[in-house]
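Please keep the sequence and the coordinates at hand while reading.

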Amino acid sequence: MVTENSQDTVKYLHRLTARFCIGACLAGLLIGSASAQSQDPARMEGIRALMRDDKLYEAESAARALVADTSAAKGERSLETARAIDLLVETHLRLRKGAQPEARQLAELALRIKETLLDADDLEIAASLLNLGQVHAAMDDYPAARSDYARAHEIYPAHEHVPFA
C-alpha cells in the first residue's frame, strides 16, 4: 500500500536521482578515463553499448564474465573488479532486477572495495553509492536509498568540475 508519505519520498528520490544523473554521467566519464589504464576499455564500452541497444541479457552475461575475468587477473578486492561489479549492478538495474538480493550484495561489495582503496571523497565512491541507492529504491527501502544519495551528494560538491543544480 502506497501512502502519501511514501509517495512524497518517491518523488523526492526521483528528484535526487535526476540531479545525480548529471554528476554520475560526469563521474562515469572520469572513471572511464581512469579505468582505461587498467582495464580493456573496449570491453567495458561494449557492455555499455549492449545496454544502450537494449540487449540487456547479453550485457548482463558480458558483465558477469568481465567480473570473473577481472577478479582472476587483478584480484577479488581490486579497484578494477569493483568497477566491473558496478557495471554488473547497472545491468541488474536496467533489467529491473534491482530488488533482488544479488543486486544489493553486489552494490555493497563494490562500495566496500572502493571505500577500502580510495579516498573518502573520491567520485568513484559516489558512483557506487548512487548504484546502491537505486538498488535500495528498487527494494522499496527508501530511507536507505535516501541515505545513499545523501552520502553521494556530500562527495560531489568536493569536486568543483561536477555541476550540481
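## Gly 98 in its loop

In this predicted model, Gly 98 sits in the loop that runs between α4 and α5 (101–117). Its relative accessibility is 3%, and Gly 98 therefore counts as buried.

Once neighbours within four places in sequence are set aside, Gly 98 is in contact with His 92, Leu 93, Ala 103, Val 135, Ala 138 and Met 139. The C-alpha atom of Gly 98 is separated by 9.2 Å from that of Leu 132, although the two residues are 34 residues apart along the chain.

## Packing of α4 and α6

Helix α4 (residues 79–94) and helix α6 (residues 123–138) have axes that come within 10 Å and cross at roughly 30 degrees. Because angles under 35 degrees count as roughly parallel, α4 and α6 are described as roughly parallel to each other, and their crossing is left-handed.

On the α4 side, the contact is formed by Leu 79, Arg 83, Asp 86, Val 89, Glu 90 and Leu 93, which meet Glu 124, Ser 128, Asn 131, Gln 134 and Val 135 of α6. The residues of this contact comprise four nonpolar, three polar and four charged.

## Glu 60 in α3

Glu 60 belongs to helix α3 (residues 56–74), and because its relative accessibility is 7%, Glu 60 counts as buried.

The side chain of Glu 60 is joined to that of Lys 97 by a polar contact of 3.1 Å. Apart from residues up to four places away in sequence, Glu 60 touches Leu 88, Thr 91, His 92, Leu 95 and Lys 97.

Technical notes: Residues are numbered from 1 along each chain as its sequence is written. This is a predicted model: local features need pLDDT of at least 70, side-chain atom pairs count only at pLDDT 80 or more; totals for chains, interfaces and linings use all residues. Side-chain values use heavy atoms; hydrogens and water are left out. Axes are lines fitted to C-alpha atoms, for helices over the stretch in contact, and angles run from 0 to 180 degrees between N-to-C directions. Helices (H or I, at least four residues) and strands (E, at least two) are DSSP runs, numbered from the N terminus. Angles under 35 degrees count as roughly parallel, over 145 as roughly antiparallel, 65 to 115 as roughly perpendicular and the rest as oblique. A crossing is left-handed if the near helix is turned anticlockwise from the far one by less than a right angle, and right-handed if clockwise. Contact means heavy atoms within 4.5 Å. Ala, Val, Leu, Ile, Met, Phe, Trp, Tyr, Cys and Pro count as nonpolar, Asp, Glu, Lys and Arg as charged, and the others, Gly among them, as polar. Buried means under 20% relative accessible area, exposed over 50%, partly exposed in between (1.4 Å probe, protein chains only). A polar contact is a pair of N or O atoms within 3.5 Å; within protein, one must be able to donate a hydrogen and the other to accept it, and residues adjacent in sequence count only if both atoms are side-chain atoms.
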